[in-house]
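Colleague: I would like to learn how to read the packing in a model like this one. Could we go through it feature by feature?

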Amino acid sequence: MTMEKKRYERPVIQKLNSGLLNKFGSATEIKPLTEIDGVPVKRLVAEYGSPLFVFSERQIREKYAEVHKIFTTRYPKVKFGWSYKTNYLNAICNIFHQQGSWAEVVSGFEYEKALQNGVPGNKIIFNGPDKTAADLQKAMANNSLIHLDHMDEFYLLNELAAAGHKKPRVAIRVNMDTGVYPIWDRFGFNYENGQAWSAINKIMTSGNFTMVGLHCHIGTFMLAPSAYGIAADKLAALFVRIKNKFGHTLEYIDLGGGLPSPNNLKGAYLPGNDLVPPIEEFADTIANSLLNSDIAPNELPLLIMESGRLLIDEAGYLIGTVIANKRLSTGRRATILDFGVNSLFTSFWYNHKISPAQEVSNYKEDVELFGPLCMNIDVVRESVILPPLNTGDRVVAQNVGAYNVTQWMQFITMRPNVVLIDDQGKPHIIRRAESLDTLNQMEEMPAHLKTFKL
Ligand SMILES: *Cc1c(COP(=O)(O)O)cnc(C)c1O
């Protein structure tokens, strides 16, 4: 047996942090996370490399069932629409579709993806400000739910509908004051200033549309259940007004997404688990608003929820490897990982929980975690208490399932493998790592640039 050579590190004077106290009491022990759904992190890295995204199918299904139950036990008719932009890997989408989710898309590309995954056209909700004439034609032909975002879209669709002798099924996106600021008023039609009502009147009188619903998406990572109550009140009021004026009953009210996952928001005083209200409170408020409204009981609309991050964040993990350690000029410890903001885009607004993936010492130190990019902003955690990690050690970032595998960027490194661990504990690649070939496939070299002499 050979002894491992001892590494030398220049001594620095540092405040000792063992048995560390913070304002909530003594710091919790740092537990390593050595396996995901029973599969050792070591084995995953050996087979699929590092960094590596890992999703747990069991956790996705369990979370969906839990949240679905919270809503369906409070309101009689509920449907979920899977928010594609939150995570549109086909395998992930299909888990949600198998659970019964419709698709919620915000671009022509996502719309195509939902169709190719086999979602029936009439179960695709088409949101967003950027729908081309071709997108609208397709959505109209497939009887999809087109959520109008602005008047220019209304004029365009009105024209297409008249020319195609087809009545598209539409809803409008409504923005409003829900007591949470700033108001997301760049999408849809405003409630308070009468824009929304005005748009509804144009739709109802044009004769070219079938108005089927009302939609809002009031923000993301919303921490106030009351905001959803106000939104549901306002949409219910519009529902009743449409009924009274036109004798027309809408099919659904869609309250969008924005429900928070238990993540640690940067700058928040409390960790996510203590900050985020129980989902029951959101569901209660929404159900009460709709049930207590003036909508006739026999005309209660379908409630659509477009939750994204709530349903997928906790089921996603990012495994990484320590590249090196160094001391910053201030004496603080810096640890460099093989993933940074390129893979973990959400580290810009979350303090993701990062756990070592092997047994660690009891000694802890405040460290700054950097990614591998040659970019000063490539910081995974500005400050986190961790035991010293050595080159080659693994770490696991948690609650990373939402937005990372859609917002990741290909900057100086390739996007890594993504693995799904199925209900039986078997890993499957659901997206292969990119290679230089992947990138070169898209490039063209003009003939005069093919050769050079140095
Ligand atoms: C992004 C988005 C969602 C999902 O939002 P989450 O905050 O992840 O729940 C739902 N609906 C619309 C219209 C969106 O743009």
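Predicted model: local features only at pLDDT ≥ 70, side-chain atom pairs only at ≥ 80, totals over all residues.

Colleague: Start with the core. Which residues in the largest nonpolar core touch the most other members?

Modeller: The general idea comes first. In soluble globular proteins, nonpolar side chains tend to be buried together. Here the largest nonpolar core has 100 residues, and Phe71, Ile172, Leu214 and Leu255 touch the most other members. Helix H8, residues 225–246, gives the most to this core, with ten residues.

Colleague: From which domains does this core draw at least three residues each?

Modeller: From domain 1 (35–54 + 315–435) and from domain 2 (88–307).

Colleague: What does Leu214 touch, not counting residues up to four places away in sequence?

Modeller: Read the list in sequence order. Leu214 touches Ala171, Ile172, Val174 and Ile200, among others. The list also includes Leu235, Leu238 and Phe239. Leu250, Tyr252, Ile253 and Asp254 are on it too.

Colleague: Now the rings. How many aromatic pairs does a search of the whole structure find?

Modeller: It finds 15. A pair of aromatic rings is described by the distance of the centres and the angle of the planes. Take Phe71 and Phe80: 5.9 Å centre to centre, 85° between the planes, edge-to-face. Phe71 is buried, with a relative accessible area of 2%. Phe80 is buried as well, with a relative accessible area of 2%. Both belong to a cluster in which ring pairs link Tyr64, Phe71, Phe80, Trp82 and Phe96.

Colleague: Why is the pair of Phe154 and Tyr155 edge-to-face?

Modeller: Look at the angle. The planes of Phe154 and Tyr155 stand at 70°, with the ring centres 5.6 Å apart, so the pair is edge-to-face. The cut-off for that class is over 60 degrees. Phe154 is buried, at 5% relative accessible area. Tyr155 counts as partly exposed, at 42%.

Colleague: Rings can also face charges. Which ring does the charged end of Lys131 sit over?

Modeller: That of Phe126, 5.8 Å from its centre. Arg241 gives another case: it lies over the face of Trp197, at 4.0 Å from the ring centre.

Colleague: Next, a helix. Which residues of helix H5 are buried?

Modeller: In H5, residues 133–141, they are Asp135, Leu136, Ala139 and Met140. Then look down the axis. The buried residues fall within an arc of 130°, so they line one face of H5. On the other side, Ala134 and Ala141 are exposed. Asn143 follows H5, with a positive phi near 60°.

Colleague: What covers the buried residues of H5?

Modeller: The cover includes helix H4 (108–116), strand S8 (124–126), strand S9 (145–148) and H6.

Colleague: How far from Glu153 is the C-alpha atom of Thr346?

Modeller: The two C-alpha atoms are separated by 31 Å, and the residues are 193 apart along the chain.

Note on methods: Residues numbered from 1 in each chain as written. Heavy atoms only, no water. Core = buried A, V, L, I, M, F, W, Y, C linked by side-chain atoms within 4.5 Å. Buried < 20%, exposed > 50% of the residue type's maximum accessible area, 1.4 Å probe, protein only. Helix = DSSP H or I, 4+ residues; strand = E, 2+ residues; numbered from the N terminus. Domains from an automatic or database assignment. Contact = heavy atoms within 4.5 Å. Phe/Tyr/Trp six-rings, centres within 6.5 Å; stacked < 30°, edge-to-face > 60°. Lys NZ or Arg CZ within 6 Å of the ring centre and 35° of its normal. Arc of directions from axis to C-beta.
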